[in-house]
Structures are given as structure tokens and as C-alpha cells.
Amino acid sequence: MDLNYTPEELAFRDEVRAWLRENLPAELRAKVDSYQELSRDELLRWQKILAAKGWAAPAWPEEWGGPGWNATQRYIFEEECGFAGAPPLLPFGLSMCAPVLMKFGTPEQKQRFLPRILNAEDFWCQGYSEPGSGSDLASLKTRAVRDGDHYVVNGQKIWTTLAQHADWIFCLVRTDPNTPIRQEGISFLLIDMKTPGITVRPLILMDGGHEVNEVFFDDVRVPVENLVHEEGKGWTVAKFLLGHERLNTGRVGISKRELAHLKEMAAERPDNQGGTMMEDVRFRDRMSRLEIELMALEITNLRFLDQMRGGRPPGAEVSMLKIRGTEIQQGLTELMMQAAGNQAAAFKITQDDGAAQIDPLTSRLAARYANFRKTSIYAGSNEIQRNIIAKATLGL
Amino acid sequence: MNFELDQDQQMLADSVRRYLADNYDFESRKKIIASPEGFNEQTWAAFAETGLLGLAFSEEHGGFGGTAVGMMSVMEALGEFLVVEPFLPTVLASRLVAKLGSGEQRDALIPGVIGGEIKMALAHSEGPARFNTAYVGARAERSGNGWKLSGAKQVVYGGAVADRFIVSARTSGDTTGTEGISLFLVDANAAGLKRTAYRTLDNQRAVDLAFDGLELGADALLGAEGGGFAALEEAIDFGIAMLCAEASGAVRSANDDTLEYIKTRKQFGQPIGSFQALQHRMVDMFVTQEQLKSMQYLVCSRIDTATDPRERSRIASAAKIKTADSCRHISQESVQLHGGMGMTEELKVSHTFRRLTIISQQLGDADYHLQRFAQLSS
């Protein structure tokens, strides 16, 4: 057993690190570092920079423009990007729609969509959840009825992340409402967001941010060539997607960066005794416990990677990465807010607020704490993750 | 990076597990803990025979290991079977002999330890010290060619059957100073050494030692006079890595027992494991088990490779915090999920509870190590 990276892996890490230092634009990094919202163009700009280097899609096969990295290299890359403060790569096209197309798409669909996904020409969003179908996804009701060469789609999706920016949406729709097993009447459709009949309505979250939306479909006509896999086999596609690329859900690199950030704050901000928060024993101990949990999570993540590399892909237990990873992320945002003390009350100060004494970053901490409550809810709530482990790993 | 154990390590761990499965089941253990000494000679002889006792030493000292990674699977097995024989106390004390001892001291003790004839214990902790390694109130003065020791030691694990103690005593400095701590080899039957044995919560045996003017020869001093602190810290860090692995094995045992129980125990016409309230708690226990296992790998690997003692101690403290928190979580939850049966001596889980509770305190509780971790992080 040796928990150190090999010389080759270290060389790879250094290469990635050096490249990021040269090529991650300072203004993007500064925005990420100070918790500001990124625009559509900023998000796409970073992906285009990576695409030009051939690094936009680490998990893709080489034939479609992937870099040909193994699982460890992908993990190192992800971790270095997180640690460097790179903007997130949105998963909807790169790591959700694309793998589905590679697995189930027709040659025409692959040719048409994959290069545009890779080069950040299309912005994708995901149409899964509905008002009545959250954790119980198979109860979805959005209907698609065949009409000649088209499906006519009616219904509503919700929690659609960044739909306001999207060119395309991939959707689970019900093509047959009468199957005895409800999973069997579902199909997977690609829909152009410019199609008449689509309305996007913002859902503003409690931090004031516009991340998610409701998307309404009113007699939206979708060409049948946009059906992926067979009609009625959408659930197979959805399940494939759930099992895909789950080894990055721990977000260890990002949390390491945030922990470093938290420690800087704790070393600067005053406690109640004339010292700094770093000297406040109650605060410091909570911070230490988070740091230690993160140390362990990193090794857990690497153990899963090691199993993968050894040809024994881990099963449902990888859900623990999502559970612990999000608990750590939430804990970090909470402690940052706490480090700011009474100043944390200020909410998103801007230049328009004139001579406010509190700096803008501090005024984003409470909002960020509020925002991060989403992490234990989205992508399969942490309770659903526990159900998965209980059933598939523990046999309960 | 790889997580594979090398073949020799794996084979030894497997043979230990096999031996314990055949000879150290719950019923056999019951007889051992009920015996006056709380110790089984055959178990110890088997440890010697399988080479377990040589695992703690490098080849240069006549062993065939000496690494934390090499020992961790064995500690896991001892944790799983709740072995009460004082393996870890013997390892910690005799490794100090290997590290600090003169050629004569090593020759006199290490082959005997490896062969199973000599058991050792580290007599360091004292009543007012809590977990502070630097706290040594016992005193040693020069007396003729040798030494005269006065003081008391408390909760010395493995002390009931130890043949030889390493006793820390102050040759200079204040009671809590890191300078001036010396280590002495003391025969268990030495005249003037008062030894009081008692049972600990986990059914192991510990002793309190008292000595007033205990006469020792010049050859009793182990290592440099006054320079024992760094070696004690290193021994404790190594011990923490071992406890982390032992806890990992005990936690897995508690979780396996609990999972089995909630799958078979029926109430309201169904297994209680079908209730989501219990399923989610069981999953959290499983996650704790895996996170602890990761911490075990991390600390054992780093203990073996760390070159900076501060960094080594920082990781050890992190591991002990994780170990203590995990022990508490799993011991409490495993009993709770067993309901009333979990409270009884008849089920193994209550014994696992008792060992886990002690491990969480042994070599420093979570609060002590949180303080140490913070100091070493700054």
C-alpha cells in the first residue's frame, strides 16, 4: 500500500497545475474565489479554453475528442481545477447528454451534437424533475404524443438549472400512459429550446440567485429524429445516466480550496476576546472536524478509484461520496458565515451601496450558506442516496 | 498510488483471522475474560508461532516488519475478535527498546518478545496527567552506579501479565516539561514495585504501579537521560495508528452484527430493517465505517513515511479524533439498533461497545487531540 502518487502521476499533476496557472483567466478565478455569479459567456469561455487544449471532456473517449486519461488522471485534473478556482464545467452537456448519445445515440445524432457539446457551442439543460415528480422520478407526467414525423409535447419541468441560458434540453417524457409498469412508458427526447411553445419561468432561490427555472411545454413539436434510444426505453437511458461518472460527486478539490479560504478568514476575523476566530476553541474544533472528515473522504474517493482501476467498479456505496461531500460543503459555508460574525447579516452589497463598511465578499457569505442547502437536496437527495446504499449495498 | 497489501502482509493477516475464527470465538473469549488473569497462554503462544510478535520489528532487530501498514490488518483482526491479550502494550513498549536500547538491552528483550516468552507494558500515564504526554511526576535520582525511582503510574494497559515495564520518570525539569523525561526498564517482580491489577471496562486488565525508592542498576536507563519525550510521542503516534486499525475491525464487527440483527428481528410482522428510520441510521454507520477505514489507511501510511515529527503527530491526532468520534457513533448506535438485547452481556455487540468506548479514550480522547491537532496545524 502506498498512498502517494507515482512519479508519473505527480508529473501529470504538475503539468495540469502549471497549465492552469497560465491559462485560467484571472478575472474568472477572482469571480469564483469571491463567490460571484458567472454569466453564460463566462461559463462557456472557460470551457472553450479547455476545449482548445483538448481538456474539456476528460471522461470522453479519444475518438470524440477526449484526452485519453485514466481514472486517476481525471481525478487529479478535477481536483486541480477545483483547487485552482476554475469555474465549474457544467455537466448537462459534457457529462450527461454526451455519454447518453455515445451509448444510445444514432450516428447522425452523435455527429450532430457531440462536437458542439465539446466546443461549448450549445448550452444544455436537463429536463427530469416535475412538480409532482422529485425523488419519485418515474411518476413523471409530461406527455409526448406521436403526430406524423413529430412528437407533440405538453407538460412542465421544474428545477431546470440554467434553462434561461440553454439552447437545448434533454427530457424524460411519457410516450405511453397505459403501461402496467410506469417506467416502461417513458422516452428520452432532445428538444431545441427555441421551439415555439416553450416558456421558461425563473424560480428565484432564497439567496436571490437565478439558477433554476420552471419550463413549460405547450404543444411543442419535436422531430422524431430527436428521440434517443427506442420509444418507451427512456428509463434505461435515465438509469445509465445515474450510474455514470459518480466518482466526482465528493468535490474534494473544491472543498480543499474552500477549507483553505475558511482558514484564512479565521486567521483574520476577530473573535470575542481580542484574538482571532482561529483562537476560538469552539469554532476551531468544528473546523478541525470538517478538515479531518475531508481528509478521510479524499482517501475514500481514491479507494473507489483504485477499485475502478483494478477492474472492480464500486457499486452503490459511492453514494457516500455525495452524502459526505455535500455535508462538508455545507459545513464550510456555515463556518464561513459564522467567521464573519455580525457582519454576515449584510446581504450582497454592491458598489451601489456606497460607503458600506462591510466588504462585498463578506456580504455574500450568508447568501452562500443559504444557497448551499441545495446540495443535500439536488442530484438525488441525501435521503435518496441513503435509500440506495441501504437497498443495494446493505441488502435492506 | 495503490491500496493493495503486499502478499506477505495479506497472508499473515489471513492466518491470524483464521486462527481467531477457530480459537477465539465469542464462547472461548467468554472463558478467557472470566479467568482471574484475563489472559490465555495458548493465544499468546499462537501469536508467537504465527510470527505476529515479530511483526512489530524491522529485520535489523530480528523481526520481519516494523511498519504500521504491515501491522494494520492484524490490528483489525484483533479488533474484530475483541482480543484481550495485551498485544498492543507489548508492541508499544518493546518497540521503544528496539528504538532506544543498547545492544545488550535489545538482545536481552527483543528475541524473548518475538518468541512470546517476554511480555511488556509501557508505564507512563499518571493520575493528574490526563493525556498530556509531557506530564511526568515520577522521579528518578542517581544512586551509586544506578538509579532510585519514586512515584506512581496509573491505568497501565497490559500490566497485569507484563514481565517487564518501561517506566517514565523525571530526571530533571518541571512536572510538565518536555525535557528531563527518562525511560527505565523495570522488572515486574522488582522488590519495591507495588502492582495493583484491575479489570477495565473492555474486560482487559490494567495495573496501577507505586514505587518509593525503587533501586535500579545503571543498565536500566533506556536511551539518553532526559530525552524520552520525543520517543514517547512517536510511540503514542504509532499506537494511535494501531488503535485506529483495531477500531476499524471492531466497528465492522458491530456493523455486521447490527445489520444481521435488523434483517432478522421481526416486529409488526416485518424485519425491523425494513423501516426507513433504521435503514438510514444503518447507512450512516456504514459510511462511518468506510471513512474510518480511509483514515486508518492514511495514518498508517503516513506514520511509515513521515519525516517531519510535527506532521506525523498532526495526522495521528486527526486519526485519533476520527477514531474517537467513530467509536462513539458506532458503539452507541449498534446497541440502540439491537434494542434491549444490545444491553445484555449475552450478545457480542455489548462487548464491542465496551472495547470501542475504551479505544475512544485510549492514548488521548477527541478533545485532547483536537487541541493537539490545532497546535500542530498552526
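1. A quick term before we start: a residue is buried if 20 or more other C-beta atoms lie within 10 Å of its own, exposed if 12 or fewer, and partly exposed in between, with C-beta atoms placed from the backbone. Helices (H or I, at least four residues) and strands (E, at least two) are DSSP runs, numbered from the N terminus.

2. Keep in mind that this is a predicted model, where local features need pLDDT of at least 70, side-chain atom pairs count only at pLDDT 80 or more, and totals for chains, interfaces and linings use all residues. Residues are numbered from 1 along each chain as its sequence is written, while chains are lettered from A and ligands numbered from 1 in the order in which they are written.

3. Have a look at helix H11 (residues 362-371) of chain A, which is mostly covered, with seven of its ten residues buried. Those are A:Thr362, A:Ser363, A:Arg364, A:Leu365, A:Ala366, A:Ala367 and A:Tyr369.

4. Now for some backbone angles. Most residues other than glycine have a negative phi. A:Tyr35 has a positive one, near 60°, and sits in the loop between helix H2 (26-33) and helix H3 (40-53) of chain A. A:Tyr35 counts as partly exposed because it has 19 C-beta neighbours inside 10 Å.

5. A:Leu162 isn't a glycine either, yet its phi is positive, at about 55°. You'll find A:Leu162 in the loop between strand E3 (150-158) and strand E4 (168-174) of chain A.

6. Last stop: A:Ile181, in the loop between E4 and strand E5 (186-192) of chain A. A:Ile181 has 8 other C-beta atoms within 10 Å, so it is exposed.
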